[in-house]
Amino acid sequence: MIDLTITPLTADRFEDLVELFGTRGDPSWCWCQYFRTTGRTYERSAELNQRQLLSQVRAATLPVGLIAYAAEPAPETGPPAGVVGARRSGEQGRQPKPVGWVQLGPRPSFPRITESRTMRAVAAASDDDLGDESVWAITCFVVKVGWRRQGISRALLAAAIETAREERATAVVGHPVDVAARTTRVGGSELYHGVATTFAAAGFDVVGRTGATRPVMRLDLIDVGPGSGQPGSATST
């Protein structure tokens, strides 16, 4: 069983994110700038993207993402383990290693979403105001190689929902991949948006689609208070 601590990323924890993102794969060059930009500006420089994310973390008054730490090694054999005792920061526990990340924040801070023509069509059909700062978006997941299929993404999603709720968000939206709608095999690198079944299990509903395999999923929080026991509690297992 994996014992996780999930906490907002701060500047003093940024080196932990550097360790998590590593030197290979999309996270190591994108640095979660894709949704914070439009066009292809995010492709200019991995070093610039890293500096941009650090600047965003330093300037933030709201969480820009959550980082997950594991207190014990990933199982080498046997069936996938569950996640137990997913703690928020400040609770007692030994200092673990970074194993997961989720980007989140008010949706207007992600122009890749709000300026998308297909997303505008979905918003118009569902009477959704893309400029509403109280609607938060969950955009990217990263789970360290060797720690996948252990429930870490599920725990990160739950913590992200709880964080949005604590910051008085009225709703959370995601743009995961609908694996069941795919006719070809889905590579792990394509799942950084998350998986639709994980969002559905957390209480999200499909409100539209930007593509055949890309649902827009939403969880309304307006009537859900902290600690209510509704889907999204960071301490749920």
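Reader: What makes Asp178 and Arg209 a salt bridge?

Author: In this predicted model, the nitrogen-to-oxygen distance between their side chains is 2.9 Å.

Reader: Why is Asp178 called buried?

Author: Its relative accessibility is 15%. Buried means under 20%, so Asp178 falls in that class. Arg209 has 39%, which lies between 20% and 50%, so Arg209 is called partly exposed.

Reader: What joins Arg107, Asp128, Arg218 and Asp220 into one network?

Author: Salt bridges that share partners join these four residues. By the 4 Å rule, the count for the structure comes to seven salt bridges.

Reader: How do you know that Glu47 and Arg51 form a salt bridge?

Author: Their N to O distance is 3.2 Å, and the limit is 4 Å, so they qualify. Both residues lie in helix α3, four residues apart, which is about one turn of the helix. Here is a handy general point: an α-helix has 3.6 residues a turn, so residues three or four places apart point the same way.

Reader: What about Glu43 and Arg40: what distance makes them a salt bridge?

Author: The distance is 3.0 Å, N to O, within the 4 Å limit. Arg40 is exposed, at 62%, and Glu43 is partly exposed, at 38%.

Reader: Let us turn to rings. Why is the pair of Phe21 and Trp31 called tilted?

Author: The structure holds eight aromatic pairs, and this is one of them. Phe21 and Trp31 have ring centres 4.8 Å apart, within the 6.5 Å limit, so they pair. Their planes make an angle of 50°; stacked needs under 30 degrees and edge-to-face over 60, so tilted is the label left. Phe21 sits in helix α1 and Trp31 in the loop between α2 and α3, ten residues apart. Phe21 is buried at 3%, and Trp31 is buried at 2%.

Reader: Then what makes Phe199 and Phe204 edge-to-face?

Author: The angle between their planes is 75°, and the label needs over 60, so it applies. Their centres are 4.9 Å apart. Phe199 and Phe204 are both buried.

Reader: Which residues form an aromatic cluster?

Author: Phe14, Phe21, Trp31 and Trp101 form one.

Reader: Where is Cys32, and is it buried or exposed?

Author: Cys32 is in the loop between α2 and α3. Its relative accessibility is 6%, under the 20% mark, so Cys32 counts as buried. Leaving aside neighbours within four places in sequence, Cys32 is in contact with Phe21, Trp101, Gln103 and Cys140.

Terms used. Residues are numbered from 1 along each chain as its sequence is written. This is a predicted model: local features need pLDDT of at least 70, side-chain atom pairs count only at pLDDT 80 or more; totals for chains, interfaces and linings use all residues. Side-chain values use heavy atoms; hydrogens and water are left out. Helices (H or I, at least four residues) and strands (E, at least two) are DSSP runs, numbered from the N terminus. Buried means under 20% relative accessible area, exposed over 50%, partly exposed in between (1.4 Å probe, protein chains only). Contact means heavy atoms within 4.5 Å. Rings of Phe, Tyr and Trp (its six-membered ring) pair if their centres lie within 6.5 Å; planes under 30 degrees apart count as stacked, over 60 as edge-to-face and the rest as tilted.
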